[in-house]
Amino acid sequence: MDVIVRRGDSLWYYSQLFHLNLQLILDSNRELQPNQLSIGQRIRIPGFVAQDYQVQPGDSLWSIARNRNLPLDAVLLVNQNINPNQLQVGQMIKVPIRITWRLVQGRQFYDYTKMMRDIRRLQSVYPFMQVSTIGESVLGNNIPELLVGNGTKRIHYNASFHANEWITTPVLMTFINDYLLSLTNQNLIRGIVTSRLYEQTSLSIVPMVNPDGVSLVINGPPEVEPWRSRVVELNRGRTDFSDWKANIRGVDLNDQFPAKWEEERARNPDEPGPRDYGGERPLSEPEAVAMAELTRRRDFARVLAFHTQGRVIYWGYENLEPPESEIIVNEFARVSGYEPVKTIESWAGYKDWFIQDWRRPGFTVELGRGVNPLPLTQFDEIYQDVLGIFLAGLYM
Ligand SMILES: [Zn+2]
């Protein structure tokens, strides 16, 4: 919701008026000099919308404010052009509404278009969340990154490296939405004061690393040639893509990282296909390049890559992980019931490369159990299991 600055207003005053953490208002208006507000300037107030309201018989601005638990001045602020003493029945005014509900509906077939629409919605209500593009997929879809928080501890979560594990995207988007809601409403999540997480950490999220692959699994082959014929051919003529993990070129993005890539390549298919093909060389695919560049640029303290399935958390790589990885994974296991597994015979994954090059904690979290793509009926259970991991990833 936008408001227009009046004589004597300050961001601190708005934080009192709307019961919002001042930092969230500051971060929603990064381009401003907070001590030099000028009258008539537009300010974004996070976590609120201004709704139209038609004045009913017996209404006053005071009663309208009181019925919504708002100070009178909050209503006056969004109705600067009306005379509060001459309210007319039938007149349209604005009423600030505090948003206490989710904008993201995660329990549905959640493709790239739905995700982008939800990101735009979240960004307009929670402008303290920053959105940028880290690169493009093979088919030219922008891969977005969301940033939440002001802290020095830089943490990264990503989802949908693997196409048929797309349920990880709505699970992660639901968490972001719940985190944003708890920040503006000052609610606890599982007893945790999230404003402290916001101060201490900056959370980077890439909710869909492989948009082309996810679209293929959910919506079928792209309309455009040569991609349409090419993916059906790579899928051995089948039009059911439910076991497709790779990007649109048939390269498995989680076998693309320079961490014993040759060894991974040697045990896997040597040509493109639905899964496990590591490409002609490490980082040959634009989606993997975008993730590698982001990771180098941001210098993360810790990364979590969300996959399905198995209810396990992989936390080691060639004994290069630091001792704290084990402490952190034990907390993840405690809050989720998932099983920590140090290593399996597997290389060239994103978390492998992170551990190898930074010697910092990296995790692959395998959500749920069953056959991929996991059914949406598991959504709520998965979310309840992994919510503790999302939080522990920030507070540990
Ligand atoms: Zn996976």
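This is a guided tour of the predicted model, stop by stop.

Residues are numbered from 1 along each chain as its sequence is written. In this predicted model, local features need pLDDT of at least 70 and side-chain atom pairs count only at pLDDT 80 or more, totals for chains, interfaces and linings use all residues, and side-chain values use heavy atoms, with hydrogens and water left out.

**Stop 1: the zinc ion**

Select the zinc ion, then His162, Glu165 and His307. The protein donors are His162 (ND1), Glu165 (OE), Glu165 (OE) and His307 (ND1), at 2.1 to 2.5 Å from the ion. Donors here are N, O and S atoms within 2.8 Å of the metal (3.2 Å for Na, K and Ca); water is not among the atoms, so sites may look incomplete.

Check the angles next. Among the four donor atoms they run from 55 to 144 degrees, and the site is irregular. Four donors count as tetrahedral if all angles lie between 85 and 135 degrees; four count as square planar and six as octahedral if opposite donors are over 155 degrees apart and all others between 65 and 115; anything else is irregular. Ideal angles for four tetrahedral donors are 109.5 degrees.

Along the sequence, the donor residues follow the spacing H-x2-E-x141-H. Glutamate 165 sits in the loop between strand E7 (153-159) and helix H6 (168-185), and histidine 307 in strand E11 (residues 302-308), so this pair ties together parts that are 142 residues apart in sequence. Helices (H or I, at least four residues) and strands (E, at least two) are DSSP runs, numbered from the N terminus.

Are glutamate 165 and histidine 307 buried or exposed? Glutamate 165 is buried, and histidine 307 is too. Buried means under 20% relative accessible area, exposed over 50%, partly exposed in between (1.4 Å probe, protein chains only).

**Stop 2: the end of strand E11**

Move to threonine 308 and glutamine 309. The peptide bond between them is cis, with omega near 5 degrees. Glutamine 309 is in the loop between E11 and strand E12 (312-314).

Proline 226 lies in the loop between helix H8 (211-219) and helix H9 (227-234). Most peptide bonds are trans.

**Stop 3: the largest pocket**

Show the surface. The largest pocket holds about 610 Å³ of space. Of its 33 lining residues, Asn254, Arg267, Ile344, Ser346 and Glu366 are the closest to its centre. On a 1 Å grid over the protein atoms alone, a pocket is an open set of points where a 1.4 Å probe fits, with protein on both sides within 12 Å along at least five of seven lines; lining residues have an atom within 4 Å of a point. Grid points are joined across faces, edges and corners, and the volume is the space filled by probe spheres set on the points.

Colour the lining by element. E11, helix H13 (350-358) and strand E14 (362-367) each supply at least two residues. H13 gives the most, three residues.

Then colour by class. The lining has five nonpolar, 13 polar and 15 charged residues. Ala, Val, Leu, Ile, Met, Phe, Trp, Tyr, Cys and Pro count as nonpolar, Asp, Glu, Lys and Arg as charged, and the others, Gly among them, as polar.

**Stop 4: around helix H13**

Select tryptophan 358, in helix H13. Beyond four places in sequence, tryptophan 358 touches Thr295, Arg296, Asp299 and Trp353. Contact means heavy atoms within 4.5 Å.

Threonine 295 is buried, at a relative accessible area of 0%. With neighbours within four places set aside, threonine 295 contacts Phe300, Tyr350, Trp353, Phe354 and Trp358.

Now pick proline 258, in the loop between H9 and helix H10 (261-266). Proline 258 is partly exposed, at 32%. Its contacts, not counting residues up to four places away, are Pro282, Leu283, Trp353 and Gln356.

**Stop 5: positive phi**

Select arginine 359, in the loop between H13 and E14. Arginine 359 has a positive phi of about 55 degrees, although it is not a glycine. Arginine 359 is partly exposed, at 48% relative accessibility.

Jump to histidine 19, in the loop between helix H1 (11-17) and helix H2 (22-28). Histidine 19, not a glycine, has a positive phi of about 50 degrees. Histidine 19 is exposed, with a relative accessible area of 58%.
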